[in-house]
Amino acid sequence: MASAHLDVPFDRDGSARFLPWLIGFMVYLAALSLVSALAMNKILDRWDRGLAGQLTLQIPPPEPTEELDRREQRLDRAIEILTSTTGVTGAVVLDPADMNKLLVPWLGEGALEEDLPLPDLIAVQLDPSAPPDLDALQLRLAEAVPGIESDSHQAYLTRLLSLTRSIQIVAAVVVLLVGLSAVLAVVFVTNTGLSIHRHVIEVLHMIGAHDDYVAQQFQRYAFKLGLRGGFLGLVLAVPTVLLVGRQFDASDATLLPNLALSPVDWAAVALLPLVAAVIAMMTARFTVLRTLVQLL
Amino acid sequence: MVRFEDAGFRYDSGPFVFQDATFHLEPGSFHFVLGPSGAGKSSLLKLMYLALSPTLGRVSLFGRSVSELSRNELANMRRRIGVIFQDFRLLDHLSAMENVALPLRVSGQHDERVQQHVIELLAWVGLAEQLQALPPTLSGGEQQRVAIARAVIGRPSLLIADEPTGNVDDRIAVRLLYLFEELNKMGTTVVIATHNEGLAARFAQPILRLQDGQVRYVAPGYRRSFSLARGSGS
């Protein structure tokens with residue numbers, strides 16, 4: 001007689017047996033997509049923080065016919081312009097040894113010979129709150145140092161941003177489509193349940209049950225199945241995320257971010273079963289309320 | 001309590017089960033609905049317990065036309081009606097106690113007093129030892145008593161029974177009808193459909209007779225029936 005049990009004998013029909021698996025699959029994909037989205041945000045944030053407020057100047061190496069002190073003169077002229085420009089907070093000429101370190105992963109040890117012509121690079125720090133007029137600065141630099149090239153990384157960042165946004169959109173579309181499939185499955189299961197248990201629903205109606213009472217029977221069952229499937233998906237997703245994260249860490253790739261999730265990120269992932277259960281519950285509720293009006 | 005005004009009913013586009021039914025059952029009255037099998041007794045009762053709506057005319061319960069009620073208002077009105085179905089319609093997966101408590105549960109009553117009341121009622125119908133029994137494990141007579149207990153647990157103003165004596169011998173049938181008379185004396189309006197004319201004749205109660213698609217009223221003590229096309233039935 002406990003009020004917690006259900007008046008409709010759902011456990012006697014097998015129409016909903018596959019639903020937890022489907023919802024589990026949905027939560028699994030949603031968890032992976034969510035983690036991907038969080039990782040993409042981390043990548044963007046890291047690159048953005050690393051590159052924002054920076055400008056890299058590249059001065060081509062002198063021609064073999066040119067005098068060696070021409071190189072120093074061009075660097076000095078560029079540094080002079082930079083230090084006299086408002087909004088430039090610092091400028092450092094990259095040490096050839098540091099440049100070698102950057103190039104070793106690409107060209108290999110010993111590939112860098114003394115006479116390999118490398119450009120000079122100047123890392124310029126800009127004041128993010130009051131940056132200089134980059135076009136004007138570039139014009140002045142080009143006049144003073146012919147052949148100088150500048151890169152504010154914005155084009156690079158924009159392309160990366162576009163790429164990561166595309167990945168996030170694809171992930172969201174996947175979750176949406178799987179979610180839609182789960183919703184349709186819940187609608188199907190609920191309609192089948194209404195058909196199978198019609199005699200019980202008629203009795204409930206005849207003794208004074210409101211549509212809401214009948215809907216509650218179905219929505220509680222859908223919530224239970226949704227939660228069960230959701231936890232199943234979560235249990236499968238967590239090891240997958242940990243495994244992929246470990247492989248990221250082991251790859252030692254400096255461009256790839258560390259996939260370690262924050263407690264807030266894990267909380268968001270852990271909420272997915274509840275979200276799936278609530279979606280299943282609400283779908284069942286609306287299906288029952290809509291169908292009962294036509295049925296009885 | 002129950003008022004039919006020129007009411008008629010048919011399933012979909014089939015022939016009319018009955019037409020021009022006009023009668024009024026006063027609160028606290030006791031009526032038999034008689035007629036041969038297929039005459040439309042169950043359909044008439046279904047209109048009274050709000051399982052169907054009239055195709056023609058007007059049916060009013062408790063002073064309100066049922067056609068004008070919302071779904072929630074219909075449900076609230078059904079809570080004032082106890083129904084004993086011909087096939088009992090017990091829920092097989094619920095115990096006798098849970099079946100009887102069902103009308104109280106759907107109306108939101110869950111407390112301990114309710115449970116005690118259910119136990120007392122089942123004891124009253126002689127099922128004190130079968131509280132936890134599932135309907136399929138009970139005999140037909142026991143199932144019927146569970147159905148009766150479920151119908152009266154909510155102290156309904158109107159009690160409707162569709163062939164309640166169909167599955168029991170005459171001795172039990174008479175006892176059942178005395179039980180309904182007792183409930184009627186406590187103020188419950190009772191309507192009982194039966195094809196057992198002899199049984200109904202043993203009780204001096206008015207009769208609604210369904211024949212040839214017409215509802216006729218037979219006053220207590222009268223052997224001849226007359227049409228109630230425009231008159232009052234009590």
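This is a predicted model: local features need pLDDT of at least 70, side-chain atom pairs count only at pLDDT 80 or more; totals for chains, interfaces and linings use all residues.
In chain A, strand β1, residues 54–59, pairs with β4(A) in the antiparallel sense, over 3 bridges. One residue pair can be picked out here: A:Gln58 has A:Glu149, in β4(A), as its bridge partner.

What is the strand order of the open sheet in chain A? The order is β2-β3-β1-β4, so please follow it on the structure: 4 strands, with antiparallel pairing. At the edges sit β2, residues 88–93, and β4, residues 149–151, of chain A, and each of these pairs on one side only. From one strand to the next, the twist averages 20 degrees.

Helix α2 of chain A, residues 69–83, lies across β1, β2 and β3 of chain A, where β3 covers 120–126. The direction of α2 is about 165 degrees to β2(A).

Next, the domains. Chain A is divided into domain 1, which is 10–49 + 157–295, and domain 2, which is 61–147. Note that domain 1 is written as two stretches. How far apart are the C-alpha centres of domain 1 and domain 2 of chain A? They lie 52 Å apart.

Now the contact between the chains. Chain A puts in 15 residues and chain B puts in 22 residues. On the side of chain A that touches chain B, the elements giving two or more residues are α6 (198–206) and α7 (211–251) of chain A. Of the elements there, α6(A) gives the most, with 4 residues. By type, that side of chain A divides into 9 nonpolar, 3 polar and 3 charged residues.

Last, a helix pair in chain B. Two packed helices are described by the angle between their axes and the distance between the axes. Helix α3 of chain B, residues 96–106, and helix α4 of chain B, residues 112–124, have axes that come within 10 Å and cross at roughly 125 degrees. α3(B) and α4(B) are therefore oblique to each other. The crossing in which α3(B) passes α4(B) is right-handed.

Which residues of α3(B) and α4(B) meet? From α3(B) there are B:Ala96, B:Met97, B:Val100, B:Ala101 and B:Leu104. From α4(B) there are B:Val114, B:Val118, B:Leu121 and B:Leu122. The residues of this contact divide into 9 nonpolar, no polar and no charged.

Note on methods:
Residues are numbered from 1 along each chain as its sequence is written. Chains are lettered from A and ligands numbered from 1 in the order in which they are written. Two residues are in contact if their C-beta atoms, placed from the backbone, lie within 7 Å. Ala, Val, Leu, Ile, Met, Phe, Trp, Tyr, Cys and Pro count as nonpolar, Asp, Glu, Lys and Arg as charged, and the others, Gly among them, as polar. Domain bounds come from an automatic or database domain assignment. Two strands pair if DSSP finds at least two bridges between them. Axes are lines fitted to C-alpha atoms, for helices over the stretch in contact, and angles run from 0 to 180 degrees between N-to-C directions. Angles under 35 degrees count as roughly parallel, over 145 as roughly antiparallel, 65 to 115 as roughly perpendicular and the rest as oblique. A crossing is left-handed if the near helix is turned anticlockwise from the far one by less than a right angle, and right-handed if clockwise.
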